[in-house]
Amino acid sequence: MLAKHQHICPRNCYDTCSLISTTYNGVLLSVEGNPAHDYTKGKLCPKAMSDIQKVYSPSRIRYPMRQRHRFSGDWERISWDEALEQIARTILRLKRTHGSTLPLALNKYSGNFGALHNAMEALFSGIGPTTRAIGSPCWSAGVDAQTIDFGRFRCSSPLDMAHAKLIWLWGVNPAWTAIHQMPIIFDAMERGTTVVCFDTHLSATAARSHRFIQVRPGTDGLLALAMGKVLAEENLLDPDLPNYTLGYHDFLAYLDSEIRVERAATITGVEADTIRDLAREYGQTHPACIWAGFGLQRYTNGGQTLRAIDALGALAGHIGEKGGGVQYGHFETWKFSGLGHTEPSQAKANPVVGKNPSDRALNINKFAAAALACTEPPVRMLWLAGRNPLSQDADLHLWQKLMNQLEFIVVSDLFLTRSAAAADIFLPVTTHYEHWDLHASYWHYWVGVNEPAIAPVGESKSDLEIAWRVSAKLNELEPGSCTFPTSGSEKETLLRELSPELLRLLRLQSPKEILLQPLKANLPPASWAQRQFATPSGRFEFRSEKAVQAGFPALPSYSPPLSPPPEAPLRLLTPHHSSALNSQSYPPDTIPNGYTLYVNPELAESYGLNEGAPAEIANDLGAVRVRLAFDLSIPRDVVIVYQHPAELKDSCLNVLLRSHTTDMGTIATGAPGLALNETFVCLRRLTGSVQRLSPNP
Amino acid sequence: MSTAWVYQPNPKSLFKGMSNIFMALSRFFAAGGEQIARTLPLLAQACEEFAAADTAWPALAATLSAYAGAAETEQKQMGFEFNRLFVGPAPPIAPPYESVHLSAQRLVMQEQTVAVRRCYQAADLQATSQGAVPDDFIATELEFAAYLLSRALEENSAGNEGNSLHYVDFCATFLTEHPGCWVEPFAAAVNQNARHPVFPAVMQVLLTAIKTPLTIDII
């Protein structure tokens, strides 16, 4: 019998697509985009189109497994009861031994962004104060910047971009990473809108824009400040600024005294005349929208970069205008009840983190170092869920040390990731075609239910089911040892996740109405239209006391990114690929054999390397083999590897990554982000013996 | 239903012996590497009991018996190897599902799976794990073959030759159209990659069983 089911793509992605699956007698046949969803519009990206391969991959793990010795590859299949018994007994023993539940650590992030996946946090909260990974590897600095400037993290509906006369795509590549925005942009272009793309290299989006502005990595904030200075010099400031902003005189004074357009041109690589032209166009065109991507804040100055761009938008009067603004992301629809564990203030501040106030919070981006440093009591057990730190994190040498030192490691996942290879116990989880869930987007305003279309594959279970069962086993062995529920209904649980505020936003009388179809929140299409901000002053804050309290400059200001050391002169950038998301690859069984390093041909020539040549990139942390490919648009001091989980077949790219953190992140997400783009390497030719090369004079 | 064939000599012994071997093979794959200490002797015993009826089996039975008596540590290693070959968590060397070997995308739950399910339905059966475990899991296919032969034996013993012939024909057709289409590449993958000799031995039993004629073609 044919049946249709509704789903929401749970990946950490702008688009959070509404999906319709078709099953025949319980077998998943097809997945399509929902045509009734005004953002998905019936279309899917290559990642979602590979979902059936993911669900039915023969590589997917179907049973709980136990590894005899960590990293040995000697696995035995065990029953769920055996797995739960071992997990629960270990938890209780560690609790008795240390007189505390802090030796238990949870490191979970965005493998699946469904609200019911917060069950893992809730389970750990039910056990007691535990050690938690907090923060975000992705967007923390930018979220803080917007929270400081606007008082609240929100953006306009992405459909609102259609009204812009000028669109600046800044450090974002929607042609690959948010494909549903492209038709909106193309439609605007057809109606006469000018699209300018700012990036470090000619991305797929830049290639489809009217104009490409190549910016030296990490200098975007200075470029924004220089354009702000031009606006001031050429009297293009919003005359209404005194009525809705705070500190603009101070900011203009800063621009006047500290920023020189010619100097900015030298540093950013954008010619002074171009800076002036861009500023004039931005100041004179209304509405004008900036979409600031996550890439440009993955630097040690990332928060300041976003503050500078926000300030530019405000100076020109684009904040609050229909089709304008500075768009980055939002938390407005992440109003979940928190499975009874999350403090409401935390749930509002950060949908990702559901931490207990008594928890021991470790920055997710420095987790291994921080966990190794914990002594009173030490971290003894680690549960990884929706995470693959041995592929994705920095400081892999510290991760390896931590993994070797821990007493017990549990990993719940779909496939044997690099991190799962460290597990003592592996628990197989369901895909979004096998469980109920509730999803919101951090880009558009839709909220929707994910319903199961097929039975769980093998013996896999949802995170919520796993959490119930662990709690049940804990309570069986030691009554009262975990306050998380021991059983329940996924569907009923998701309905309870709709908080009164979310029900109001969705204009629902009863939670069950959400089961019928995804719904769009009742939010103004253009954010800050009334120019009433959520800052302490109620104004857009150029000068922020909140920033000062958090240890940042009061004003948006420029600080340079890190400079490469002489022994590693090339900056390594690792943008997302169109068919991979972090360590998730689509189709899942088509992992490339090794990494491709994209370089400027002149750089390769200076090293005496040809296209396709094997080579090695290295720094003081490690080395990774690559094969060279040419891209004329890449600066000579930059090299690019698009993210792909090639580490499953070769060495891991992240061995090169040190945990430099972003300047901001503590206010909204709890910890600074990862300054991923501040990674430096040298290039080596791979011959019979590896040799380090210097460019030819 | 074709009738262009007749029983092999001594059909009861053949049906019983082959049913037992298919069932023992099914248990070997279904119970997993952790149960090898229990399932391998049963497979050896099934081969041994059938050894009298067919000259192909004594050597196989002897080989399996030798491994069935392995020490506990070796049994453990066999279990790990079983999981490496057939289960995971690393991508298994020889996924034990028909559709992985025959479908264009090499996935589970494909048209082959549904076709096998239709065979079960034609015999008024449904796999107890339908939906969670693909119907074309090798253990389920082999158990189905064992079931058909046990029914053939029952009907034959009850003197219902027509019904017995129906089950034999059904079994022979099923073996040809399903396990017979994929166990050779499956066994080849095992034989090329196995790190313990028990697995090539089991593959030999499997291939011999699948290829054992249940009837004599008279055309």
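A: Contact here means heavy atoms within 4.5 Å. This is a predicted model, in which local features need pLDDT of at least 70 and side-chain atom pairs count only at pLDDT 80 or more, while totals for chains, interfaces and linings use all residues. Residues are numbered from 1 along each chain as its sequence is written, chains are lettered from A and ligands numbered from 1 in the order in which they are written, and side-chain values use heavy atoms, with hydrogens and water left out.

Q: OK, how many residues does the contact take from chain A and from chain B?
A: Chain A gives 22 residues to the contact and chain B gives 26 residues.

Q: And how much area do chain A and chain B bury between them?
A: They bury about 2200 Å², with 61% of it on carbon and sulfur atoms; buried area is the accessible area (1.4 Å probe) that two parts lose on being put together, summed over both. On chain A's side, A:Y56, A:P58 and A:R77 supply 24% of the area buried against chain B, more than any other three residues.

Q: Which residue forms a salt bridge with B:K76?
A: That is A:E76, with the closest N and O atoms 3.3 Å apart, and the count between the two chains is one salt bridge (a side-chain nitrogen of Lys or Arg within 4 Å of a carboxyl oxygen of Asp or Glu).

Q: Switching topic, what volume does the second largest pocket have?
A: Its volume is about 410 Å³, taken as the space filled by probe spheres set on the points, with grid points joined across faces, edges and corners. A pocket is, on a 1 Å grid over the protein atoms alone, an open set of points where a 1.4 Å probe fits, with protein on both sides within 12 Å along at least five of seven lines, and lining residues have an atom within 4 Å of a point. Of the 20 lining residues, the closest to the pocket's centre are B:A127, B:T128, B:S129, B:T140 and B:E143.
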